[in-house]
Amino acid sequence: MAKDLKEIKDIEEIKELGWDELIPGAALFSFTEPVEDVAEVPMDERPYAPTNSHEWQVGDWRVEKPVYNRDLCIDCQFCWVFCPDMSILSRDKKMIGVIYEHCKGCGICVEVCPTNPKSLLMFPEHMENEKALEMWPKKEEKK
Ligand code: SF4
Ligand code: SF4
């Protein structure tokens, strides 16, 4: 019998459902209660619903990851604006880092980063971030 997702309070309940138990075309709500101005509520304080993708680890098939270099970043927020997956963590207009649980490794944040050298660069998924930071390129001279 089809299950109304509004009745589900725990994400583990969804994992137990069969394909024919979810209502076709069901609306998945972002939050368990109304949130007036979501941009003003810090990510870790939002009442995410169990059906919200925030609650799921969805970045585990990435082959390359963006690594963030705090020493070069000018906090312009371009990466935060352009990331299609809300995977850039920023607080009070300061870039904090990448949410690897959600990042898909598309590289858009690296493309839009304006610093020289860039403050975000793509590295193989298996490489330690500390190692990547040691390999960071030097500033490119103007031609
Ligand atoms: S690689 Fe893509 S998904 Fe990951 S943080 Fe950058 S823009 Fe977002
Ligand atoms: S785009 Fe680059 S410089 Fe701008 S906030 Fe992101 S990492 Fe920092």
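Helices and strands here are DSSP runs numbered from the N terminus, with helices (H or I) needing at least four residues and strands (E) at least two. The model is predicted, so local features need pLDDT of at least 70 and side-chain atom pairs count only at pLDDT 80 or more, while totals for chains, interfaces and linings use all residues. Residues are numbered from 1 along each chain as its sequence is written, and side-chain values use heavy atoms, with hydrogens and water left out.

Let us stay with the backbone for a moment. Most residues other than glycine have a negative phi, and most peptide bonds are trans. The bond from asparagine 116 to proline 117, however, is cis, with omega near -5 degrees. Glutamine 77 is not a glycine, yet its phi is positive, at about 75 degrees. You will find glutamine 77 in the loop between strand 1 and helix 2 (78–82), and it is buried at 14% relative accessibility (buried means under 20% relative accessible area, exposed over 50%, and partly exposed in between, with a 1.4 Å probe and protein chains only). Lysine 93 also has a positive phi, near 60 degrees. Its place is the loop between strand 2 and strand 3 (94–98), where lysine 93 is exposed, with a relative accessible area of 68%.

Now to the aromatic rings. Rings of Phe, Tyr and Trp (its six-membered ring) pair if their centres lie within 6.5 Å; planes under 30 degrees apart are stacked, over 60 edge-to-face, and the rest tilted. This rule gives two aromatic pairs. In one, phenylalanine 31 and tyrosine 48 are tilted, with 5.5 Å from centre to centre and 40 degrees between the planes. Both residues of this pair sit in the loop between helix 1 (11–15) and strand 1 (64–68), 17 residues apart. Phenylalanine 31 is partly exposed, at 22% relative accessible area, whereas tyrosine 48 is buried at 15%. The rings of phenylalanine 123 and tryptophan 136 have centres 5.7 Å apart and planes at 40 degrees, so this pair is tilted. Phenylalanine 123 belongs to strand 4 (residues 120–124) and tryptophan 136 to the segment after helix 4 (129–134), so the pair ties together parts 13 residues apart in sequence. Phenylalanine 123 and tryptophan 136 are buried.

A ring also meets a charge: the charged end of lysine 65 sits over the ring of tyrosine 100, 5.9 Å from its centre. The rule asks for NZ of Lys or CZ of Arg within 6 Å of the ring centre and within 35 degrees of the ring normal.

The loop between helix 1 and strand 1 also holds aspartate 60, which is exposed at 57% relative accessible area. Its C-alpha atom is 9.9 Å from that of glycine 105, a residue 45 positions away along the chain. Tryptophan 61 lies in the loop between helix 1 and strand 1 as well, and is exposed at 58% relative accessibility.

Notes
Chains lettered and ligands numbered in written order.
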